[in-house]
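Dear colleague,

I am passing on the structure we spoke about, and below it you will find some notes on what turned up in it. Please have it open while you read.

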Amino acid sequence: MMTGLLKKTAISALITASSLGFISSATADETRTLKFHSGLAQSRPEAAHIEHFAELVKEKSGGSLNVDVYHAGSLGLKEADMLRILQAGLVDAALMYGEYYKRDAPALASVYAQGAITQSSQHLEVLPTLRNIYQDAYAKWDIKTVGGVVAPVFDVGLHCKEPVNSLEGLKDKKVRVWSGHLVDTFKNLDISAQVIPQNDMYLALQTGVVDCAYYLSTVAKTVSLQEVTKYEAYLHPWAASPWMFGISNKTWSSLTEQQQAALTEAGNQVWNETEKLAVDDERETKARQERTELGITVLPAFSAEDVKTFVEASGKAWHEMAEQSGEEGLGYYKTVSSLTK
């Protein structure tokens with residue numbers, strides 16, 4: 001049941017959404033067109049998979065259902081509000097990422113964390129559990145999930161101005177990270193770290209705000225890290241939470257059985273296709289070679305001892321974050337962490 005504040009927010013958003021034409025409308029005899037929100041830029045690899053999902057829905061529904069994808073948040077909707085927006089039926093569908101919803105569902109930030117896996121293959125073992133967790137969590141917000149995009153398991157490394165490939169070497173450095181959990185992880189290691197958004201990372205390195213960036217090495221060239229850092233050392237594989245396709249229950253219940261089946265089949269197909277692409281050692285090797293050609297010195301990876309120390313620090317921070325989010329978050333932590341030990 002909505003609180004008074006939530007009702008007020010929903011009503012206000014409904015008026016705005018209606019005036020802007022966000023909500024789909026059609027009679028039972030007409031072709032339905034669903035509006036699909038995605039906060040990702042169209043240049044991201046995931047965007048192509050979302051478009052493929054839309055094509056499959058049209059094909060599998062016999063042309064009775066279309067999905068219009070609005071990339072880069074072009075509908076003007078905020079990620080932090082997405083649970084409320086879908087619950088109220090203010091948009092038909094969205095690409096969902098649990099860590100965005102910490103305000104309304106803090107436990108979702110505790111589902112998966114960096115350092116949870118040390119081998120890429122472990123990610124595939126965890127995926128079914130992650131999918132079930134998100135499916136059940138979103139259902140509590142009246143959101144139906146129909147598959148999604150399994151994110152690639154990229155290498156994560158430290159990208160520094162000076163050669164650093166040990167935790168000891170990082171202790172006199174300032175490190176850029178992307179989450180509060182990582183700030184706490186490095187704090188446990190007596191290493192200074194701060195959250196800096198991706199769009200501000202280049203300038204922060206260029207001006208000396210930070211000395212190193214903890215970042216996805218495989219796609220580092222897309223943000224031109226080779227221009228502001230010259231050394232890189234591999235630390236661990238990315239614990240990448242999957243992107244889920246969420247459909248508002250209000251929209252879902254208004255569709256025919258054929259249209260619902262089309263969405264489910266299309267979502268499952270994209271999930272299965274992207275799962276097969278998620279772990280790719282050849283892709284990672286080629287990316288390292290490419291970074292070397294760009295002038296990056298790829299140092300020997302962090303030692304097994306350092307990785308173990310990092311994982312322990314990460315696990316401690318992960319557990320504390322889960323405890324702070326309540327019993328639900330602690331339950332997620334216990335379930336997922338038990339699969340990666």
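In this predicted model, Arg176 is buried and yet takes part in no salt bridge, since the nearest side chain of opposite charge, that of Asp200, is 8.9 Å away. A salt bridge would require the charged atoms to be within 4 Å. What does lie 2.8 Å from a polar atom of the Arg176 side chain is the backbone oxygen of Ile196. If neighbours within four places in sequence are left aside, the residues in contact with Arg176 include Gln194, Pro197, Met201, Val210, Cys212 and Tyr214.

Arg176 belongs to strand S6, which covers residues 174-177, and S6 is part of an open sheet of six strands with mixed pairing, arranged in the order S7-S6-S8-S5-S9-S11. The edges of this sheet are strand S7 (192-195) and strand S11 (297-298), each of which pairs on one side only. Strands S9 (residues 231-237) and S11 pair in the parallel sense over two bridges, and Glu232 has Val298 in S11 as its bridge partner.

Two loop residues also deserve a look. Asp142, in the loop between helix H4 (120-139) and strand S4 (143-149), has a positive phi near 60° although the residue is not glycine, and Asp142 counts as partly exposed because its relative accessibility is 35%. Ser224, also not a glycine, has a positive phi of about 60°; Ser224 sits in the loop between strand S8 (212-216) and S9, and counts as partly exposed because its relative accessibility is 22%.

Conventions:
Residues numbered from 1 in each chain as written. Predicted model: local features only at pLDDT ≥ 70, side-chain atom pairs only at ≥ 80, totals over all residues. Heavy atoms only, no water. Helix = DSSP H or I, 4+ residues; strand = E, 2+ residues; numbered from the N terminus. Buried < 20%, exposed > 50% of the residue type's maximum accessible area, 1.4 Å probe, protein only. Lys, Arg positive; Asp, Glu negative; His and termini not counted. Polar contact = N/O pair within 3.5 Å; in protein donor to acceptor, adjacent residues only side chain to side chain. Contact = heavy atoms within 4.5 Å. Pairing = 2+ DSSP bridges.
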